[in-house]
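Student: Could you show me how to read helix packing in a model like this one?
Tutor: Gladly; let's look at it together.
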Amino acid sequence: MEIQSVGIVGAGQMGNGIAHVFALAGYDVTMTDISAENLIKAIALIDRNIERQVTRGKTTAEEKAAAMARIKTTLVLAEIGQSDLIIEAATERETVKQAIFDDLLPHLKPHTILTSNTSSISITRLASRTDRPEKFMGFHFMNPVPIMQLVELIRGIATDKPTYDSCFAVVERLGKTAASAEDFPAFIVNRILMPMINEAVYTLYEGVGSVKSIDESLKLGANHPMGPLELADFIGLDTCLAIMNVLHDGLADTKYRPCPLLTKYVEAGWLGRKTQRGFYDYRGDVPVPTR
């Protein structure tokens, strides 16, 4: 099936980035959220981000105008039901995602493909709650979506080949690269990345190094573009903790036990850049380590 219309659930960091790349690639996009303010902010951010691409010669002013015209917003979840492809990009909580799919089911077309941008939750389990597990997939974009080239495609146990092929074709049209992953906790990227971040937090927790020395060590010693604690702040410490809990619960291996210090930061509401404090304090002109 050729996909033309795309519905996106969630106008946050991931949802607006997904809308951005789909609209530029020529898809008709409808984005929904429970907050009108979030939708307004998302459209403004997409406009600024595409304008930045125009300035850098990555796209043209005409292509930007056409892309922005393709994006519609709604507060009514049912209005995206008639899309060919739906991408759920809500918060990383399984109960929230299940409720979204439950509410969508009565409004879908027979051929609509359902996908989730989840970074760790079982695709098979999410799909089993719907009326179309064979037309359900994981469609995991990396953050920031307009810049990162990878998309993880995750098949649930029931996902059929036509659904996979349709989603693979979408990734190619977006100009990105698809990596196929099996449906195990956290898939490929986060199965490897999150334990590294968690180990960096343990290294801080045990006093082996400071925030600054840990991040500098990985940037200069392993040639990482960002240190692991800086990256954790960028991702969101609540998201990091949620993924570590999925790994720990799903694989029952103590090596995935979340560091108590990561839990403490989340309990304090210090979630990283989005709350202005995490392993760094972002309230001044320059980020300052908090430990």
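Student: At what angle do helix H1 and helix H2 pack?
Tutor: Helices are DSSP runs of H or I with at least four residues, numbered from the N terminus. Axes are lines fitted to C-alpha atoms over the stretch in contact, and angles run from 0 to 180 degrees between N-to-C directions. Here H1 (residues 13–24) meets H2 (residues 36–55) at about 55 degrees, with the axes 10 Å apart. This is a predicted model: local features need pLDDT of at least 70, side-chain atom pairs count only at pLDDT 80 or more, and totals for chains, interfaces and linings use all residues. Residues are numbered from 1 along each chain as its sequence is written, and side-chain values use heavy atoms, leaving out hydrogens and water.

Student: How are H1 and H2 therefore oriented to each other?
Tutor: Angles under 35 degrees count as roughly parallel, over 145 as roughly antiparallel, 65 to 115 as roughly perpendicular, and the rest as oblique. H1 and H2 are therefore oblique to each other.

Student: Which residues make the contact?
Tutor: Contact means heavy atoms within 4.5 Å. H1 contributes Asn16, Ala19, His20 and Leu24, while H2 brings Ala42, Leu45, Ile46, Asn49, Ile50 and Gln53.

Student: What about H7 and H10, at what angle do they pack?
Tutor: H7 (residues 189–205) and H10 (residues 237–251) pack at about 110 degrees, with their axes 10 Å apart. That makes H7 roughly perpendicular to H10. From H7, the contact uses Asn190, Arg191, Met194, Pro195, Ile197 and Asn198; from H10, Cys240, Ile243, Met244, Leu247 and Leu251.

Note on methods. Helix = DSSP H or I, 4+ residues; strand = E, 2+ residues; numbered from the N terminus.
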